[in-house]
Amino acid sequence: MANAWFETVAEAQRRAKRRLPKGVYGALVAGSERGVTVDDNLAAFAELGFAPHTAGLANGRQTATTVMGQQISLPVLISPTGVQAVNPDGEVAVARAAAARGTAIGLSSMASKPMEEVIAANPQTFFQLYWVGDRDLMAAKVERARRAGAAGLIATLDWSFSYGRDWGSPFIPERINLEAVRRYAPQVALKPAWLWEFAKTKKLPDLTVPNMVANPGDPAPTFFEAYGMWMQSPMPTWEDVAWLRELWGADKPFMLKGVMRVDDAKRAVDAGVSAISVSNHGGNNLDGTPASIRALPAIAEAVGDQVEVLLDGGIRRGSDVAKSLALGAKAVMIGRAYLWGLAANGQAGVENVLDLMRDGLGSAMVGLGRESVADLCRDDVVVPPGFERYLGVDQVADAPVESVPARHRGGRG
Ligand SMILES: Cc1cc2nc3c(=O)[nH]c(=O)nc-3n(C[C@H](O)[C@H](O)[C@H](O)COP(=O)(O)O)c2cc1C
């Protein structure tokens with residue numbers, strides 16, 4: 001390729017679309033049902049503006065911070081995603097890229113590479129768990145993560161098994177067999193560069209999920225076998241969250257990912273977590289959930305002094321990172337942005353995306369006159385009226401009048 005470097009995430013996305021078979025690209029775009037939430041995650045960032053200064057701008061760009069006990073060079077982490085079949089090195093390439101840029105990653109339970117390999121590539125790895133199976137199986141996976149040296153755990157519980165997509169779900173094969181080859185062949189034949197990446201490894205994409213088992217090397221289920229088991233598992237309770245947190249170790253970093261409501265954020269604090277991510281699963285879960293950035297200010301206000309508050313959903317540029325920090329996040333996590341970078345240019349593509357995040361954040365800080373990420377604050381952003389959402393606010397008095405339905409307003413109307 002003449003110049004593999006790309007200057008925005010939008011360009012990485014265009015290249016990913018050109019390079020990947022249609023079904024694989026479709027799985028990355030995702031977004032459930034009508035796509036209201038996935039669209040709102042992006043629209044909300046566009047609604048937020050900046051209030052820049054003219055002179056006396058910042059000279060330094062201090063982007064380093066600490067999240068979940070890890071010192072990282074920028075407040076942008078890799079969110080856990082199953083990157084099956086995007087690139088033969090998958091999560092290992094992502095882990096190396098993050099290590100090269102000095103940041104941490106979340107490794108999905110649904111990932112294609114064993115946690116031991118990923119942690120060897122980047123010791124700043126948090127292992128992400130879904131609630132699959134019973135407490136015994138959960139405990140076995142936690143012990144495996146401990147033995148492997150995971151720096152922390154992420155429990156993702158916001159999944160409601162929605163599957164209808166108006167734009168049509170991509171066909172994802174159970175395993176790469178003759179039927180899959182037949183159905184994928186026309187798409188794959190049009191994407192020789194992607195096929196060549198796998199051909200070089202002399203292996204077809206392996207659609208198993210090796211982190212779903214208790215020991216490294218145990219026979220791993222396929223993605224769909226694991227998904228079936230997950231669907232049959234009881235939904236976890238807040239007691240389960242507290243149990244899992246305690247099992248991991250009350251003094252060890254533990255994040256609950258997928259919090260959208262103030263009351264849930266408070267329950268998460270009660271369950272003892274050390275961090276939360278305000279997240280709607282990138283719009284892949286319950287469609288109609290508002291953009292996570294709209295819910296962030298109320299949650300950060302309620303629990304930000306007790307736990308680390310992160311945000312994920314819709315981050316496509318460094319200025320989105322600045323906006324999130326200004327509205328109360330300690331750091332953000334990115335999903336699709338790095339998946340597109342990975343698809344476009346492997347490890348270097350993920351490094352490219354992290355560089356864009358750092359540079360864009362840096363430019364915003366210069367313009368806003370903030371030398372350190374810790375100094376970004378609400379004064380730096382223009383928040384239009386009605387932008388925020390106050391979900392699960394038990395005391396109506398906590399929320400501004402216009403956000404409270406008339407029937408709850410009582411004397412405040
Ligand atoms: C293809 C894809 C797979 C994902 N898989 C997981 C997963 O296995 N575990 C998890 O906690 N979140 C998963 N997510 C959600 C991301 O961690 C993150 O919340 C979301 O992508 C953030 O939104 P963004 O893509 O707009 O950055 C996935 C997201 C995508 C797009």
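I started at Ala-329, which touches Leu-296, Ala-300, Val-309, Leu-310, Leu-311 and Ser-324, leaving out residues up to four places away in sequence. Contact here means that two C-beta atoms, placed from the backbone, lie within 7 Å. This is a predicted model, and local features need pLDDT of at least 70, side-chain atom pairs count only at pLDDT 80 or more, and totals for chains, interfaces and linings use all residues. I number residues from 1 along each chain as its sequence is written.

Next I looked up the largest nonpolar core, which has 115 residues. Ala-329 is among the members that touch the most others, along with Val-94, Leu-153, Ile-276, Ile-299 and Val-332. Helix α14 (residues 336-368) gives the most to this core, 16 residues. A nonpolar core is a set of buried Ala, Val, Leu, Ile, Met, Phe, Trp, Tyr and Cys residues joined through C-beta atoms within 7 Å. Buried means 20 or more other C-beta atoms within 10 Å of a residue's own, exposed means 12 or fewer, and partly exposed is in between, with C-beta atoms placed from the backbone.

**Whole chain**

I noted 15 helices and 12 strands in the protein chain. Helices (H or I, at least four residues) and strands (E, at least two) are DSSP runs, numbered from the N terminus. Of the 413 residues, 49% count as buried. Among contacts between residues at least 6 apart in sequence, 72% join residues at least 24 apart.

**Around the ligand**

I found 25 residues surrounding the ligand, the closest being Ser-79, Ser-108, Thr-156, Gly-282 and Gly-335. Elements giving two or more residues to this shell are α2 (22-29) and α14. The shell divides into eight nonpolar, 14 polar and three charged residues.

**UniProt positions**

For "binding site", the unreviewed UniProt entry lists Arg-165 and His-281. Such annotations may be inferred rather than shown by experiment.

I placed Arg-165 in the loop between β7 (152-156) and α7 (178-189). Arg-165 counts as partly exposed because it has 18 C-beta neighbours inside 10 Å. Apart from neighbours within four places in sequence, Arg-165 is in contact with Gly-31, Ser-32 and Glu-33.

His-281 sits in the loop between β9 and α12. His-281 has 26 C-beta neighbours inside 10 Å, so it counts as buried. Beyond residues up to four places away in sequence, I saw His-281 touching Asp-158, Trp-159 and Gly-258.

**Helix α11**

The buried residues of α11 (residues 262-270) are Val-262, Asp-264, Ala-265 and Ala-268. They cover an arc of only 160° around the axis, so they lie on the same side of α11. The arc is that of the directions from the helix axis to the C-beta atoms. These buried residues pack against β8 (254-259), β9 (275-278) and α12 (292-303). After α11 comes Gly-272, with a positive phi near 95°.

**Pro-123**

My last stop was Pro-123, in the loop between α5 (115-121) and β6 (125-129). Pro-123 is partly exposed because it has 14 C-beta neighbours inside 10 Å. Setting aside neighbours within four places in sequence, Pro-123 is in contact with Gly-149 and Ala-151. Pro-123 and Ala-151 are 28 residues apart in sequence but 7.0 Å apart in space, C-alpha to C-alpha.

How values were computed: A residue is near a molecule or strand if its C-beta atom, placed from the backbone, lies within 6 Å of it. Ala, Val, Leu, Ile, Met, Phe, Trp, Tyr, Cys and Pro count as nonpolar, Asp, Glu, Lys and Arg as charged, and the others, Gly among them, as polar.
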